[in-house]
Amino acid sequence: MLSLTAVQDGAPVPVPDPVRMVHLQLRRFAGCPICHLHLRSFVRRHAEIESAGILEVVVFHSAADELRPHVTDLPFPAVADPQRRLYRRFGAEPSVRSLLDPRVYYPVVRAVTVGTVEFLRGRAKLPSLKPTGGRLGLPADLLFAPGGDIVARKNGVHADDQWSVDEVLELAR
């Protein structure tokens, strides 16, 4: 059992959940443009994810105060892990390849472009120039059964290597 706390309201976050599957997302730093764009797809389809019996939980290797302004509008819990305990536990260590892998070039340009437009419209905040834990994090996704078993897992090899909503829903079936 993981003892997690949502930065939005201080509520405890059950992982595993006694009734629902839990999709635990280990993302990069608070305000990461790639993570922001990725999470928007989960926000848009949140009702569909919930109706499939899945609790979304997203973790960042940022301090709570650094993270909070970036996640206030998420309909699911966000957790701060500035010491990277969960990242080490699940093998999501930082790597230079997170940003040097050629498969991440287009997603970085797209995410920065979208993020800049959202910032200029007042819909997004800029990330810290020196985010807690740095910028070289790799994402990971884990799907927990209600009993606590990990039924599926993905450790990303670059900054944009993560499950889509469709993949999470398929794995949960």
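**Reading a pocket and a sheet**

Q: How many residues in the lining of the largest pocket are nonpolar, how many polar and how many charged?

A: The general idea is that rolling a probe the size of a water molecule over the atoms shows where empty space is left. In this predicted model, the lining of the largest pocket divides into 16 nonpolar, 7 polar and 4 charged residues.

Q: What volume does the largest pocket have, and which residues are the closest to its centre?

A: The volume of the largest pocket is about 380 Å³, and of the 27 residues that line this pocket, Gly31, His36, His70, Ala124 and Lys125 are the closest to its centre. Helices also contribute, for α1 (33-44), α3 and α6 (105-120) each supply at least two residues of the lining.

Q: In what order do the strands of the open sheet stand?

A: In general, strands of a sheet pair through backbone hydrogen bonds, either parallel or antiparallel. Here the 5 strands follow the order β5-β4-β3-β6-β7, with mixed pairing. Because β5 (78-80) and β7 (150-155) stand at the edges with a single partner strand each, one side of each is left without a neighbour in the sheet. On average, and with direction ignored, neighbouring strands of this sheet are turned by 15° against each other.

Q: How many bridges join β3 to β6, and which helices lie on the sheet?

A: Strand β3 (residues 21-26) and strand β6 (residues 140-144) run antiparallel and are joined by 5 bridges, with His23 standing opposite Leu143 in β6. Helix α3 (residues 64-71) lies across β4 (54-60) and β5, running at about 160° to β5. Helix α7 (residues 165-172) packs on the sheet, where it touches β3, β4, β6 and β7, and its direction makes about 130° with that of β4.

Definitions and conventions: Residues are numbered from 1 along each chain as its sequence is written. This is a predicted model: local features need pLDDT of at least 70, side-chain atom pairs count only at pLDDT 80 or more; totals for chains, interfaces and linings use all residues. Side-chain values use heavy atoms; hydrogens and water are left out. Two strands pair if DSSP finds at least two bridges between them. Helices (H or I, at least four residues) and strands (E, at least two) are DSSP runs, numbered from the N terminus. Axes are lines fitted to C-alpha atoms, for helices over the stretch in contact, and angles run from 0 to 180 degrees between N-to-C directions. Contact means heavy atoms within 4.5 Å. On a 1 Å grid over the protein atoms alone, a cavity is a set of points where a 1.4 Å probe fits but cannot get out, and a pocket is an open set with protein on both sides within 12 Å along at least five of seven lines; lining residues have an atom within 4 Å of a point. Grid points are joined across faces, edges and corners, and a volume is the space filled by probe spheres set on the points. Ala, Val, Leu, Ile, Met, Phe, Trp, Tyr, Cys and Pro count as nonpolar, Asp, Glu, Lys and Arg as charged, and the others, Gly among them, as polar.
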